[in-house]
Structures are given as structure tokens and as C-alpha cells.
Amino acid sequence: MPEPASTPKIYFQVTIVFTDGQKIGRAGSASVNYINHKGGLEKYLADKYSADSSHPIKEVRVLSQSSDFIDPATAISPDILDEEDDAESSGPPFFAELICRILVKKSHRDAIIGDLAADHNRNTKARGKKRADLIYWSEVVRSLLPMMSRIMSRIAWASVGSAIGRWFHN
Amino acid sequence: MRRPSASISLLEQQVMLAALRLHPNGYGVSIRDELEARTKQSYALGSIYACLDRLEDKGFLKPREGEATPERGGRKKMYFELTGLGQQTLDQSLRALDSLRVYQALGTIARRFVLREA
């Protein structure tokens, strides 16, 4: 059945999961009327890709849908899809976050770890989980020296203060 | 000319300018992104927070708790705003730089037109 040309369109990005575990990313569009006629977006996509593919399809996951244009070139690569699956089950690297938690001043702890988590979330969506983890670690390692130097300067000033206090006391 | 109440480093000056520009929405990531966009240099979030911490200790910035969002793991943002003292110190620091630039420009003009140097 040909799609009517004048009706509004839905643009979508999907992951197609085959029964053998292989995954591919696709982006496309279809008219709203046609999707409704076929019984919803998921059903329409499952029928469409089952007809197009020689491999049996396990499921079609809709990653995003919008009335705004989505460039087909933005179809997500299978590598990133694998990483996205991992991302669903985990946040930032545990030990990196722990190092941060230990080294950061208490009053700024939530702010810094929250900022790093937001960055990690953004990088996971844009570049995949593994790269986001790598960026998180590099951010923590690069931050070690300035964080440590703040701690050391506090300790140094506290020592000087207590030494002067002891000197006056004696 | 009156001396500033405390000296500030280049990074501190840049962070204060970024906080002023982003007011009232300047927090760690937005300040870092602003600096990276303007200076074309990469900054670690830790060095930005160490600098913000120093400025807070000196009384040039004051923190304000913001909203928590799911992508931050439910942790609150911390916004930073310039205090009156911070604004005054930043102005003095920038004026000192401007006056140096004026002398540099005058020196260049003198070399070119009076001493006839290339």
C-alpha cells in the first residue's frame, strides 16, 4: 500500500535485534496515517523490517521518534548499540567515583560527582558506554592533582596554625 | 591606584568572568564548557572546582544549591555567583591589565613612528 504524501510524518531511529543476537541501527520515516493503519509504530516497523530482511527478527526497539527530521545518516552503529545495552544497567565507573568521593571536599562532593555523572550520561548517549567510562576516568585522573593540592594546602595551613598555637601556649 | 584586596591568578580571573557571564546559571560544567569554548583549551573539572573552592574561600564567590536531576544521579547542582568583593577584585584586576595594554600600545606606536623601528 503506497504511503499518502501529504500527511505528517514520524521520523524514527530504531535498533533491529535478530534472533541470532546480531543488531543493526536504522533511521527512517513514515506517514502518521500509514503507521496508525498498520497498528502502531512498533508493529509497523516489525512488519516492515521482517519483509525486508532475510534473517528472522527478534524485536525492533524504537530509540527515538519525532515529528522533526532525523537524518538517516544518524542511524546508530551496532557497536554503539552494544554499548548502549551495557549503559542501561550501569552508571559511571564505581572506583573512579569512589576516588572522587574520597578526595573531594564534602561541601562540593555532590556537585562534582553530579557534574561528572551528567557528563558521563551525555557521553554515553553520544559516544557509547566504553568511551564514556574512559572519559570519566581521564577526567578523574586529571582532577587528582588539583584536588590533592587543595587538600595538601589545607593540611599545611592547619599544621602551621597548630604549630603557632603550641608555640604561644608554651 | 589602590591595590586589589587579594591577587587573583589568570584561571581565577577567567572563572570569575565565566561565572559573571553565565549568571545566574554558572555551575561547574557550564563554567568549564564556557572556558573551553572561549579559550580553546581543555580544563579538568577538578581544576575548575579547585579554583571555585579557592575563590569561595577568599570570599569572591558564593555558592547556591540548585536542582537535582536524574542524569546527575539525583545530586544537586551548585551554582556560583560573584560577591561584591569578587566583583570589585575582578574589576581592579581587569583595569590593571587594561592599563598595561595601553602602555604596550603606546610603546608600539612610539617605536614605529618616533624611533622609526619596523
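Tutor: Six salt bridges are counted between chain A and chain B, in what is a predicted model.

Student: Why is the meeting of the side chains of Asp115(A) and Arg72(B) called a salt bridge?

Tutor: Their N to O distance is 2.5 Å. The cut-off for an Arg nitrogen and an Asp carboxyl oxygen is 4 Å, so the pair qualifies.

Student: And how many residue pairs are in polar contact across the interface?

Tutor: Eleven, with both residues at pLDDT 80 or more. On the chain A side, helix H4 (94-103), helix H5 (106-127) and helix H6 (129-169) each supply at least two of the residues that touch chain B. H5(A) gives the largest share, 14 residues.

Student: How much area do the two chains bury between them?

Tutor: About 1,900 Å², 49% of it on carbon and sulfur atoms. His108(A), Asp115(A) and Arg150(A) lose the most on the chain A side, together 31% of what that side buries.

Student: How do you know which residues line the second largest pocket?

Tutor: Each has an atom within 4 Å of a pocket point, so residues including Arg122(A), Tyr27(B) and Arg72(B) belong to the lining. The pocket's volume is about 170 Å³. H5(A) supplies the largest share of the lining, five residues. By class, the lining has seven charged, three nonpolar and two polar residues.

Definitions and conventions: Residues are numbered from 1 along each chain as its sequence is written. Chains are lettered from A and ligands numbered from 1 in the order in which they are written. This is a predicted model: local features need pLDDT of at least 70, side-chain atom pairs count only at pLDDT 80 or more; totals for chains, interfaces and linings use all residues. Side-chain values use heavy atoms; hydrogens and water are left out. Buried area is the accessible area (1.4 Å probe) that two parts lose on being put together, summed over both. A polar contact is a pair of N or O atoms within 3.5 Å; within protein, one must be able to donate a hydrogen and the other to accept it, and residues adjacent in sequence count only if both atoms are side-chain atoms. Helices (H or I, at least four residues) and strands (E, at least two) are DSSP runs, numbered from the N terminus. On a 1 Å grid over the protein atoms alone, a cavity is a set of points where a 1.4 Å probe fits but cannot get out, and a pocket is an open set with protein on both sides within 12 Å along at least five of seven lines; lining residues have an atom within 4 Å of a point. Grid points are joined across faces, edges and corners, and a volume is the space filled by probe spheres set on the points. Ala, Val, Leu, Ile, Met, Phe, Trp, Tyr, Cys and Pro count as nonpolar, Asp, Glu, Lys and Arg as charged, and the others, Gly among them, as polar.
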